[in-house]
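Open the model in your viewer and follow the stops below. At each one, select what is named and look around.

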Amino acid sequence: MKRRATLASLCLAPWVLAGCAGTTEATHWYELRAEPPEPAPAARPGDGTIWEMAGVVRMPGALDRDTLVVASGAATLLPLVGHRWVEPLRESIPDRLVTDLARLRGEGLVWRAPAPAGVAVARRLRVQIDALIADAARSSLHLKARWWLSDERDAGTPTTMGEADLKVALADSLVDTLAAAHRLALWRLARRIAGN
């Protein structure tokens, strides 16, 4: 009798586990939308030089994850369990910056490395994100970034360096608002890099 009870419990165990697994919270997915979150400024005449942006944007390890995170306490990062990026930020951030810079500077004037054969690149752009995190109260998103623009036509020309320290106010504490703020911060960074 004891042996039958043990066999019955072993047969039921997978069904019990499957039932427990089915009660986990659903995953919510977020993306950095292709369209900019604000209207583009009026086009200003540029110098027509072609930029090539490095294919990789350096960023802190906390951003090289699928889960959205927020600051917590003095030095803690809190992952928002069940809230994930559809595409890793290491891929979507360079894509959005290149697209936004092309919108701001002009079609065909900004390429992600390597630029197509036959394109005469005049300047090379490298971007580094030092911070892109919401505060613990989720009232604002802080973006801190640096970029370097080197002139390929004249090796003697020093590399131009720029910095941005931006804050995007969050209207509420919804994760959707936080994800959308990431996109807005990147658009504003692109405007700063493009000089708009």
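Select Ser 140 in this predicted model. Ser 140 belongs to strand β7, which covers residues 140-151. Is Ser 140 buried or exposed? Ser 140 is buried, because its relative accessible area of 15% falls under the 20% cut-off.

Now show what surrounds Ser 140.

Next, select Arg 138. Arg 138 sits in the loop between β6 and β7. Check its backbone: phi is near 55 degrees, a positive value in a residue other than glycine. Most residues other than glycine have a negative phi.

From Arg 138, step across to Asp 172. The two residues touch. Where is Asp 172 found? Look in the loop between β8 (160-169) and α3 (175-194). Asp 172 is partly exposed, because its relative accessible area of 31% lies between the cut-offs of 20% and 50%.

Zoom in on the side chain of Asp 172. Which residue's backbone nitrogen does this side chain reach? The backbone nitrogen of Leu 174, at 3.0 Å. A polar contact of 2.6 Å also links the side chain of Asp 172 to that of Thr 177.

Ala 137 and Asp 172 are 35 residues apart in sequence. In space, their C-alpha atoms are 9.8 Å apart.

Now show two helices. Select α2, residues 89-105, together with α3. Two packed helices are described by the angle between their axes and the distance between the axes. Here the axes come within 9 Å and cross at roughly 50 degrees. That angle lies between 35 and 65 degrees, so α2 and α3 are oblique to each other. Their crossing is right-handed.

Which classes of residue make up the contact of α2 with α3? There are 10 nonpolar, no polar and 5 charged residues. Pick some out on each side. On α2, select Ile 93, Leu 97 and Asp 100, among others. On α3, the residues in the contact include Arg 183, Leu 186 and Trp 187.

For the last stop, select Pro 114. Pro 114 lies in the loop between β5 (110-112) and β6 (123-134). Look at the bond joining Ala 113 and Pro 114: this peptide bond is cis, with omega about 0 degrees. Most peptide bonds are trans.

Notes: Residues numbered from 1 in each chain as written. Predicted model: local features only at pLDDT ≥ 70, side-chain atom pairs only at ≥ 80, totals over all residues. Heavy atoms only, no water. Helix = DSSP H or I, 4+ residues; strand = E, 2+ residues; numbered from the N terminus. Buried < 20%, exposed > 50% of the residue type's maximum accessible area, 1.4 Å probe, protein only. Contact = heavy atoms within 4.5 Å. Polar contact = N/O pair within 3.5 Å; in protein donor to acceptor, adjacent residues only side chain to side chain. Axes fitted to C-alpha atoms, helices over the stretch in contact; angles between N-to-C directions. Parallel < 35°, antiparallel > 145°, perpendicular 65-115°, else oblique. Left-handed = near helix turned anticlockwise from the far one by under 90°. Nonpolar A, V, L, I, M, F, W, Y, C, P; charged D, E, K, R; others polar. Lists of a residue's contacts leave out its neighbours within four places in sequence.
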